[in-house]
Amino acid sequence: MIHYLVGNVGHFSVILAFVTALVSMLAYWQYTSQNEKSWLNLARGAFALHALAVLGIVASLFWIIYNHYFEYHYAWSHSSLNLPTHFMISCFWEGQEGSFLLWIFWHVCLGLVLMRKAGEWEAPVMAVFAMVQAFLVSMILGVVFFDSFKIGSSPFMLLREVMPDTPIFRKNPDFIPTDGNGLNPLLQNYWMVIHPPTLFLGFAFTLVPFSYCMAALQNGRYKEWIQPAMVWNLAGAGVLGIGIVMGAYWAYETLNFGGYWNWDPVENAVYIPWLVMVGSIHTMIIFQRNNTALKTAMLLVISTFILILYSTFLTRSGILGNASVHSFTDLGLSGQLLIYLLAFVGLAMFFLIRNWKKIPNDTEEVSMYSREFWIFMGATTLCLAAFQVLIPTSIPVFNSLAKYLGFESNVAPPTDQVAFYTKFQMWFGATVALLSGTGQFFWWKKMDWENLKKALITPLIITFLLASLALILFKISNWKYIIVLTVSIYSVVSNSFVLVRLGKTNVRLAGGSVAHIGIALMLLGILASAGYDKIISQNTTGLLYNREFSDEINKENLLLFRHQPQKMNNYTLVYKGMRIESGAVPCLFDKEKVLPTETPFKVVAMEDISCGEKIWVTKGDTLQIYHENTYYEVEYTKENEKPFSLFPRVQQNPQMGMAVSPALLRGFERDIYTHVTALPNPEEEIKWSKPEKFELHLGDTFFINDYVAILDNVQRGEKMTDEDVNVFGSIRILDRTQTYTLKPVYYIKGNLVGTMPDLNKALGIKITLTEIRPDQNLFVLEVTSSQKDWIILKAVEKPFINVLWIGTILMGIGFGMAVWRRWKT
């Protein structure tokens, strides 16, 4: 049965949200010009109704996903029966429509706060706010005019409406699939539950200072908007920065490119507005302190919001094509996204040009020995860094524009993105560290050269001592890394001096110092983990694993056979086999303990499955597993230390083929980062050797390859359906560390004789009981062998990467302290 009601409620809520956003916008505009209380009441009521409508959309869509209503295209595309509840939440924003809805939801939350806190700024600010909401809600309207003009893409479309030409719907219009496509396995990670909401909250925050700025340009209050907008700008920069690093940590945990930032265009599209946003905060501080840089502050606040819209266009219009693995598929909304972007570019330019001469100019020249000079230099550096990333990232846009204008453009994005961007951004980062360290000493009073020397002498001595110690201990010789290391340490030391001083006077003012220390530590963490990571899985045998493998796999990876110890650096590694996960068992368990069924995510236990001392699944039980994921257990042993296991993961990903995720051993000094680079093809037929026959009595010992085998027993089993006799052999095979038992079957059915061989993949051995000679008490076994189960593994040491994560936490705390101080005053 098709569940029409919830979809209709969702559709109605979308239309209501769109209409009420427009009504709220118009009523707020009317109030700003006529100052009649009735318009204000109408505007507030319309926005409150808009908020309720948005909650209705959210509830309807989640209800569809949670209850597996696969007749709806969105639920069928992004969810499945096998998903746990927390990943159903991720399904909500995996698609374009859901992520737009998440953005809209955060706008509603911030808008309701603004209605209570904005005071006299409420009407002009909320007018801009509601206008943006109307544009955003239009992205999920899903209305088509004249069979060709489409406004938005609705998440409440039925599957048959999206795919009307599919034969099954012609035959049966009410057909409902039994299961959905499921969430992309790479997104089945706890960071994908919290990273997108954090990122979109950061997006939403950028609208608030933009709205204040637009309101100021409209009503001529060019100076007063800075103070109320500042707290929102600080909160947005903190949340967006943390959201960006959350995405980096997800990539570090989930992807196998060996790091956390790959300078992908989608990553860049979020990084660029964050840099400009932080730059705008610094210019707003300058104006608050010295009544200068007002025009710059306005330009940067406007640019931040416009760049957020531009990033949305880049990632959702399909214009990036194959330039990014993260971009959304084009849903036919590229034209609407472009209109959205150009509308606000045009609006901002109109108000800026109309008011440019009226905006107060700087009243005094800034001295090199003033705090304003150093803050402005920092803001300029941040904007230049953003510009350097913006231009190459926008190459696909330039090419598309040239093609539209009839020109041929052959400009291509950088082939080695990491090397290209790093060679520039490294120096921007070093400059920011230098400026943030030095600028703090100008905070209390204007300085001259003599006072500056006195202030800097102690921090510089400590910096050079610490830098020299680091150079000796870690044998750093690259001159570029030496510079970055030194200025980063300098920023930590100098800001620590300021932090101590503020701790004695007014610690509430210390947010900037804490954030600067955090960013400097992030630079140190990036330098250590990216510049000095060490591959410890080197192939020291001198042999090629496979001529078809790349040189990297043959030289920088380790071949592990199942249960065969292998030395790696200071560790001894043992590959112990494939593991799978199930909600019914709290730990990973051996994949060979279960048999598959016709349903991919359901299996039958062939023996009891335990975790610790408790048995969680008994033999014969059917249990549900997460079939996309297979984990490869690798045990690490180091002399005089307790062994531990890592479980690198391989996913059979319908969208991306075989997707590999690393396993991490986290430590303060270093992380060990391992992932599988090659493994046997599960689709490939096993190649068996020529059979070898053994004639044995019970208790006889024989050799199979390098293993000792013993025929322990042959006994009659329980009667099978229609079989007259079935006999099980029991052959024990002794490995160095483990004992295996194989049980081939010999059965007699009437006048027919048959066999069922038993196979052990770990050893690459198959044994068949081919003949029984009762008169001689003799049993004939046929043994064939194949290559043992194996994986090829890469392991990398990431030194001091936790300094990066600690720096991120400190940066967030610093922004939080700054927000708290201004919110309370």
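Trainee: How many helices and strands does the secondary structure of the protein chain come to?
Mentor: The model is a predicted one, and its protein chain comes to 21 helices and 29 strands. Along the principal axes, the C-alpha atoms fill a box of roughly 115 × 75 × 55 Å.

Trainee: What share of the residues in the protein chain is buried?
Mentor: Of the 825 residues, 52% are buried; the term requires under 20% relative accessible area. The chain exposes about 39100 Å², and carbon and sulfur atoms supply 59% of that area. Among contacts with a separation of 6 or more, 67% link residues 24 or more positions apart.

Trainee: Why does alanine 127 count as buried?
Mentor: Its relative accessibility is 0%, and buried means under 20%, so alanine 127 counts as buried. This residue is found in helix H6, residues 122–138.

Trainee: Which residues does alanine 127 touch, not counting those up to four places away in sequence?
Mentor: They are Met25, Tyr28 and Trp29; a contact here means heavy atoms within 4.5 Å. As for serine 303, which is 176 residues apart from alanine 127 along the chain, the two C-alpha atoms are separated by 19 Å.

Trainee: How do you know that the span of helix H17 agrees with its number of residues?
Mentor: H17 covers residues 449–474, which makes 26 residues.

Trainee: Where does H17 bend, and which proline follows?
Mentor: The bend, about 35°, is at leucine 456, and proline 459 follows within four residues. The angle lies between an axis fitted to the seven residues ending at the bend position and one fitted to the seven starting there.

Trainee: Which residues of H17 are buried, and against what do they pack?
Mentor: The buried residues are Leu452, Leu456, Pro459, Thr463, Ala467 and Ala470. They pack against helix H18, residues 479–505. After H17 comes lysine 475, with a positive phi near 55°.

Trainee: What makes E13 a paired strand, and in which sense does it pair with strand E6?
Mentor: At least two bridges are required for pairing, and E6 (residues 571–582) and E13 have seven, so they count as paired, in the antiparallel sense. One of the bridges joins valine 574 to glutamate 635 in E13. E13 also pairs with strand E14, residues 644–646, in the antiparallel sense over three bridges, with tyrosine 636 partnered by phenylalanine 644 in E14. In the hairpin of E13 and E14, six residues lie between the strands, and asparagine 640 takes a positive phi near 65°.

Trainee: What makes E19 and E26 the edge strands of their sheet?
Mentor: The four strands form an open, antiparallel sheet in the order E19-E28-E27-E26. Strand E19 (692–696) and strand E26 (758–760) each pair on one side only. Neighbouring strands of this sheet are turned by 25° against each other on average, direction ignored.

Trainee: How many bridges join E26 to strand E27?
Mentor: Three bridges join E26 to E27 (residues 765–773), and the two run antiparallel. Asparagine 760 has isoleucine 765 as its bridge partner in E27.

Terms used
Residues numbered from 1 in each chain as written. Predicted model: local features only at pLDDT ≥ 70, side-chain atom pairs only at ≥ 80, totals over all residues. Heavy atoms only, no water. Axes fitted to C-alpha atoms, helices over the stretch in contact; angles between N-to-C directions. Expected span 1.5 Å × (residues − 1). Buried < 20%, exposed > 50% of the residue type's maximum accessible area, 1.4 Å probe, protein only. Areas by Shrake-Rupley, 256 points an atom, 1.4 Å probe, with all protein chains shown as cover.
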